[in-house]
Each structure stands twice: as structure tokens, then as C-alpha cells.
Amino acid sequence: MRALRTNSSGLSATEAADILRTVYGIEAALEALPGERDRNFAVRAQDGSRYVLKVIDPQADAAMVDCQTRVLMHLAEQDPALPVPRLCLTRACTEVAKLTVAGQAHSALLISHLPGQLLVQAQAPALALPTLGAMMARLDHALRGFFHVALAQSLVWDVRRLPELAELVGYVDDDDMRRLVHEVVAQFKDCQLRLRGLPSQAIHGDIHGGNVLLDSAGFRVTGIVDFGDMIHGPRVFEPAVAISELLTEGRMTLSESGALLRGYVSAQALEAREVDALYDVILARHAVSLLVHAWRAQHDPAGARALVNSVSQAARSLEQLLNTGRAAVSEAWHETAGTSPPMAGLRRRRARLLGAGAELFYEEPLHIVRGEDVWLFDAAGRRYLDVYNNVPHVGHAHPSVVSAIQRQVALLATHTRYLHEAVIRYAEQLTARLPPRLDTCIFVNSGSEANDVAWRMAESITGRHGALIMEHAYHGITHAVAALTPALGGSVAAHIACLRAPPSGVAVDQALSAADVAVAAANADQAIADLQARGHRPAALFLDSALTSNGIFDPPPAWLEPIAERARAAGALLIGDEVQYGLGRSGSHFWGFERRGLDPDIVTLGKPIGNGFPMGVVIAPREMVEQFQARCGFFSTFGGNAVAAAAGLAVLQVLEQEALQANAQKTGGELREGLRALAQQHAEFGAVRGSGLLLGLEIQDPQGRPDKRRAQRFVNVLCAEHGILTGLEGPSGNVLKLRPPMSFRKEHADRLLAALAATAGAGQDFSP
Ligand code: PMP
């Protein structure tokens, strides 16, 4: 690939002066100028006129030299006022001088000198950005009809070569930087196809602060020079390269990049898909700079020195781009360019086909296309740390679960009215992990269905129709279970009575005061009495053992004991809803009800048990299940099908093999400590709640009151600027819900903590 190594020609100023004299007939003083491969000299002729003599890199491709001369001729013809160099002819009236110096053949060009200061040395380069953008677009416009075979050259700086260049990543000695470069290379592969479909033409391809001249006011562009890196490629590479270079030169901030783009589109419009590609191309160009420098540091120290300043700046800039994220950066550029992001179409279609009320997370909704372990990837290849989703319990797309599902679905997917080994094995494994009394399973397809069946079972067995639930509980969406779900809003039906949440801040390992126990007991008595007053007796007490929708509480067994005792005494069955907390999420226990000290009559499972494959289970004593079957003749078409069972078995196996419950305990504990430490430092963080990998962090206003708006801001900023997915929970909607896959490790927790600290430290103003 061309241009990895820098210039090796050692032609002296005296030798260059000889060339000028003999070939051009000009007597002049020469001064060497910087140049990566060609050897350039500033020429001041005796008559006062000024030129630049370009002695072409002896290794340069003859076709490329021809291309450089022809493009200057083309531009002179197409846009004579364009501030680019003009070619001066030799005495023999040729454009290129061919000569031999000290036995080596050289080609040289003499071009007009353009006045001005280099942008890279300008006092306030931001001033020139709009005019530079416009000038670049004018240049591209003039270049549209130009073609030359040399434009197909394989040039190391051409970002389309990044995947080949990525082989050099071993030369990058900083671990974090190597990881970032890998990330960019992986993302870039996804966008190569899109790049090939973009409007393409001859472009300058290397507009940076050292190739742009400004007038003394630093406002007007007086020159664009160096056509040695021209390529035929997507037109948008022109502004992308310029933005990337000015960022890595530290001559422009990310927010100022809009000014350059505005200038460009003022002279020539870009299509939405071109604007959309900007982010990827700019990231790729950063990676190219870092890779080229890393290689040169070992093989071409002189070339490396020339880049040294831009390397640390490139690293910082790359990190900033990745942290700000594609959505935020691209949105601003689309706005500047007057184009709409492609996702806008998907959102419109979604609203039309799914209804405007179909909820979407985040201010800037995500278009997620792939998951892997604790990571989610959007359509543009941006990676998000998933601190929200508990359904992928053992990690998104865990290979063991995926292959178990694939194997089974390729073999058989029927209902449970045939004998099948897998569902029985799964039932054996589940019941083996539960108290002996809970020995029989009913398979359904969701947590809602599981709770619906549990509720019907409780009604059928007790002959009653009242329910005790937590205030703000969530148990699902079927008609019967939605009534047990005040978290969805609406009034609570007459057959339902709500229990108050435990005292905030009390942890599982803390003793509950006698007064608090008495309050819990009185609350249960009152709820039962209220039911009675409305003509109902309780068939069941439902409890999500993580008290998730209440805002994630972790009370000691002493809180639940009097409640459970009174409910049971009133004839209610105790139903442990393990949809959130089951399968080791608390860290300390495999089942959440164990942590709460509850001895349930029925347990319901959902969400995490199939790692994304829909499945729900009701587990109860055999006599209860059989009585229910006898009365209701229960059957579910998909419940317990062979594929779901294969998924369930694989999840249990991975949980054990990867010791994920222990990980929830350890990593969750570390995260909890980290959150506590943050809460000490930042007033907007209040109590830390929960355990294991289901944690809540209260977001509050300066007076310590729940602050939903601030909490929403946190969730959006974490997503948009840090690529971290979280959610909100609780009656006031101010509890940051942290509930990642169980494979979430310390490095992920650290990333989250750093982002939380940065977001809190950003000093956002939330005053209305
Ligand atoms: N129970 C609890 C505690 C839940 O959190 C949920 C879902 N959020 C459900 C039941 C209902 O599960 P599904 O959405 O799978 O029907």
C-alpha cells in the first residue's frame, strides 16, 4: 500500500536550485518545506515572484504524478478562480520536469505560490470553518468531471483500506487504544457496503490544516494545496477527512465541526445517506491515523515524529466520538445538513403500524440489531453496555443457549401432548432446585400467563376471589393479572387490597425495628379487613420477591413474616412471583423468595428462564396442580414445547457452569459499593437499593426529593453519551434500574460507575 513509509529522497536545496535554473530558467533562493513524501521547496525568484518546487518522491507512481499535473490543468479550466496552485511550464513547455540528480531520476513540478498562513498555524481556525467547507464543496464540484487511472491507487490513508490496515493493530502499544481501534474496525466493516453505494468522484482526499492556507485575518481560504493523495471515492470522504484531520490536529472541536459541514452544504448539498456515513468514516480515519503512526513509530521514526502531536489528540478525539455516540453526533450533522436520519422512516412506520402509544425507550430511540453477552449493537454498529435487560439472563445470544435452540428447532417443535424427554428433564431440574413441596410444573409462555394460571389455581382451590398485592405491583397483562398490576395505572378493583412497601433504605441484613414490624402487621390486617368490608376473602397474596416495580426494595424476612402469617391465617395461598428475581439474580439465593424468608405455595417464573425464548412456568404442589387440571383441563399450545425446554435446560446449565449466581453476588456487591460511594459524592444520588444484579439508585433533587425529570435525563445521557442502557423504576419513576445480564463483570460495573460520575459531575441544570 502506498504512503505507509514517508519520504526518503534527500535532495538538497542547492540541487533543487540547479533544477530551477536549468529546467525553468529561474534564478532563485530556496527553502525546504515540510512534506510527507514529495520534497517541497519554497522558491523566491530574483524578480520577486514566488513558486513551490515539488520534487516528486522517486518511488511515486508515474501515473500519480501525471494525475497531479492533469488535475491542476483541469481545475484551472473548470474554475479559474479556485485558490489552488497553477502549473508553470518548463523551458521546453512540458508540465513535468524529468531530470537526473546524482544518478537518480527525478520528476518535478513548479507551481504557483499561494499567499497566506497555514490553517494549522492560524490563531482562531474556527473562524475559517464555514468558508473552508464552502471552498471544499466548490473544489469537489469542479472535480466532478475529472478522471485518471491513478485515482484507483491503493493509498494507506484511504479509509476503505482500514480492514487491511487493521493488521497493524499489534503495533498500538496502549491496551485501551488497541481496543478502541478494534471496535472501530469492527464497526467499519458493517458500513463498507453502504459506502460503495454513495455518490463517488475524484476528491482531494487530504484536506487538513497543513494543506489549507488562510488570509491574514484567518477568515478567507487563500489556498488548498497538495493533490498527491487524490482518490476516486465517496464524495463525503472530503468533508469527513477534513473533519477528522482538524479534530486530530486539535484545530477544531466536535461541536465546531457543524460549521465546516454547514459551509460545505451551502455550496453543494449532501444526501442523507452521505451525512449518515460521516460518523463512520471519521472514526475510521482516526483509526487509520493511529495505525499508521503505530507502524511508523517502529519502522519510520522520522515519519512518526511528524505525527506525534496528532496521535494523542487522535486518541482523545476518538474516545470523545465513541462516547458521544453515533446518534447524538449524526443527529446534529443531519440538522446542519438539512437531511433526516434514516431511522426517522422506521419510527414513522412503527407509529403507523404499532400505534403511536407503542412505547419506545430513550429520547433518541435505539435501533438494536444484535446482542452479544452484555452488549447490544445498533444498526450503525454502535455498541451499548446493557445494564437493563434481565431476559438474556446468561448473556445475549449465549452460544450454548443459541445452539440448544437451533438444534431442537431443527429437530422438532410441537406441543406437550406427546411424550418428550426435554420438558420432563427441565421440570426435574427446576423442581430439584425448589422446596420439596413445589414438585409439579405447568408450562406456559410468559410471566403474565404464569401469574394468570397461578391466580386461577388459587381461586379454584380456595374458592375465594380476593387478592392481596403490593401497592404499585406489576404481575402482568392478562385481564385477571392486569387487575393485580396497579403499576399500570387505573383504579384498584374491589377484590384487590394493596400492602404498603417496606420502609425505604432498610436492608436485608438489618434488623427491622419492632415498630416497623408492627406497622407491617397492621398494614396486612387492614388490607384483609378492607377486602372483607368489600365482600371478599383473600385467595392469594402475590409478591414479586424483588419488589421491583415498588422501586426495588430489599427488606429483611422480618418485614414479610407478619404479612405472610396474616395472609395465610386469612386463608390465602402465598404466590412467589420469581419473574424478576429467580435464577440467582439476588446473588445470595437461587430464588428471591428465599431471600425474603417466604415459604410460597406457588411459584411463577418467566422472563429470564429461556434467555429470550418465550417461556413461563407455574410450580406448585402436585395435589394443587392435579385439582386444577381436573377442574379446568388446562392446556397451552406452546407451553413447554421442546424448543422452550431446550432453552430452559441450556440456561440452567450455563448458570451453573459459569457460576453466574456467584458472579451476581460478587459483581453486584462491588457495584453496590461503588454506587454507595458515588452517592456520598453527588447530591443527586440517594439511597442504593436491591442486591446482586438487581439494583436501584434513587435520583433526587437538591432537597432529597424524588426527581423523575432528572432521572430521565440520566437515563438518556447514559445512553446517548456513554452507550449505557439503564431504565427507571418505582412509583415516582426516579429509581435508576440496574438489572444487567448475569454475566456482567467488574469492568462493566466500573464503566457504568465512571459514566454515572461523569453524568452527575456534568452539572446539568434541571431548574424548570
Ligand atoms: N411479574 C413480574 C414481577 C414482572 O416484572 C413481569 C414483567 N415485567 C411479569 C410478571 C410479566 O411478565 P411478562 O411480561 O413476560 O408477561
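Start with helix α22 (708-722). α22 gives four residues to the lining of the second largest pocket, the largest share. Helices here are DSSP runs of H or I with at least four residues, strands are runs of E with at least two, and both are numbered from the N terminus.

This is a predicted model, where local features need pLDDT of at least 70, side-chain atom pairs count only at pLDDT 80 or more, and totals for chains, interfaces and linings use all residues. Residues are numbered from 1 along each chain as its sequence is written, and side-chain values use heavy atoms, with hydrogens and water left out.

**The pocket**

Stay at the second largest pocket. Its volume is about 1,300 Å³. Select Glu359, Tyr388, Leu728, Glu729 and Lys737, the closest to its centre of the 46 lining residues. Besides α22, the elements that give two or more residues are α14 (447-462) and β25 (727-729). The lining divides into 16 nonpolar, 22 polar and eight charged residues. Nonpolar covers Ala, Val, Leu, Ile, Met, Phe, Trp, Tyr, Cys and Pro; charged covers Asp, Glu, Lys and Arg; the others, Gly among them, are polar.

A pocket is an open set of points on a 1 Å grid over the protein atoms alone, with protein on both sides within 12 Å along at least five of seven lines. A cavity is a set where a 1.4 Å probe fits but cannot get out. Lining residues have an atom within 4 Å of a point. Points are joined across faces, edges and corners, and a volume is the space filled by probe spheres set on them.

**The domains**

Now colour by domain: domain 1 (13-112), domain 2 (117-337), domain 3 (368-392 + 660-761) and domain 4 (415-657). These bounds come from an automatic or database domain assignment. Domains 3 and 4 each give at least three residues to the pocket lining. The C-alpha centres of domain 1 and domain 4 lie 83 Å apart.

**Arg383**

Select Arg383, in strand β14 (residues 383-386). Its C-alpha is 8.8 Å from that of Ile724, 341 residues apart along the chain. Leaving out residues up to four places away in sequence, Arg383 touches Arg179, Glu183, Gln187, Trp375, Leu376, Phe377, Gly723 and Arg751. Contact means heavy atoms within 4.5 Å.

**The largest cavity**

Three cavities of 30 Å³ or more are counted. The largest has a volume of about 70 Å³. Among its lining residues are Trp157, Asp206, Phe237 and Arg285. The lining holds six nonpolar, one polar and four charged residues.
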